[in-house]
Amino acid sequence: MPVELKGLSSDLVCGKDREVISDCSVHVDVFSAMSGVSRFVEPDNCVVSKLENATQADLQQFTFLVTEKSEVEGFRQVLAVAGYSSLRKPSREQLPGIVVAPQAFVHRRLN
């Protein structure tokens, strides 16, 4: 099941006070790219990178990260997106269902 980040572009191009961020750069990790996230993360003023095997030093050049990691050194989490986690077994109280949990996270660089 793809992780959907609908409406994310407006959050990426605007800061806390909704100011436009110029020269934005976004790194999309392998998990997120394989989930189809990159189709939703293409604001006009941002460069989107899918660099594989990025080091911590590589990541520091980006304004935002879209990753499967809930915490990244030097960044703060600004969004968590739920995706498929497992199936819920039926019981007397509940029908079978799909369990979702945070699967992709957007982080903004601290400095």
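Predicted model: local features only at pLDDT ≥ 70, side-chain atom pairs only at ≥ 80, totals over all residues.
Trainee: How much space lies in the largest pocket?
Mentor: About 260 Å³. A pocket here is an open set of points on a 1 Å grid over the protein atoms alone, where a 1.4 Å probe fits, with protein on both sides within 12 Å along at least five of seven lines. Points are joined across faces, edges and corners, and the volume is the space filled by probe spheres set on them.

Trainee: Which residues lie nearest the pocket's centre?
Mentor: H27, D29, A54, T67 and K69, out of 16 lining residues (those with an atom within 4 Å of a point). At least two lining residues come from each of α2 (30–34), α3 (56–59) and β3. Those labels are DSSP runs numbered from the N terminus: helices are H or I with at least four residues, strands are E with at least two.

Trainee: T67 again: what is its bridge partner in β5?
Mentor: That's F105. β3 and β5 are antiparallel, with 4 bridges; strands pair if DSSP finds at least two bridges between them.

Trainee: And how many bridges join β4 to β5?
Mentor: There are 12, also in an antiparallel arrangement. For one, Q77 has H107 as its partner in β5.

Trainee: New topic. Where is I98, and what does it touch?
Mentor: I98 is in strand β5, residues 97–109. Beyond neighbours within four places in sequence, I98 contacts Y84, S86 and L87 (contact means heavy atoms within 4.5 Å). I98 and R88 are 10 residues apart in sequence, with 5.8 Å between their C-alphas.

Trainee: Is L95 buried or exposed?
Mentor: L95 is exposed because its relative accessible area is 68%; exposed is over 50%, buried under 20%, and partly exposed in between, using a 1.4 Å probe and protein chains only. L95 sits in the loop between β4 (75–88) and β5.

Trainee: Last one: which residues make up the largest nonpolar core?
Mentor: C24, V26, V28, V37, C46, F64, V66 and V106. Such a core is a set of buried Ala, Val, Leu, Ile, Met, Phe, Trp, Tyr and Cys residues joined through side-chain atoms within 4.5 Å. β1 gives the most, with 3 residues.

Note on methods. Residues numbered from 1 in each chain as written. Heavy atoms only, no water.
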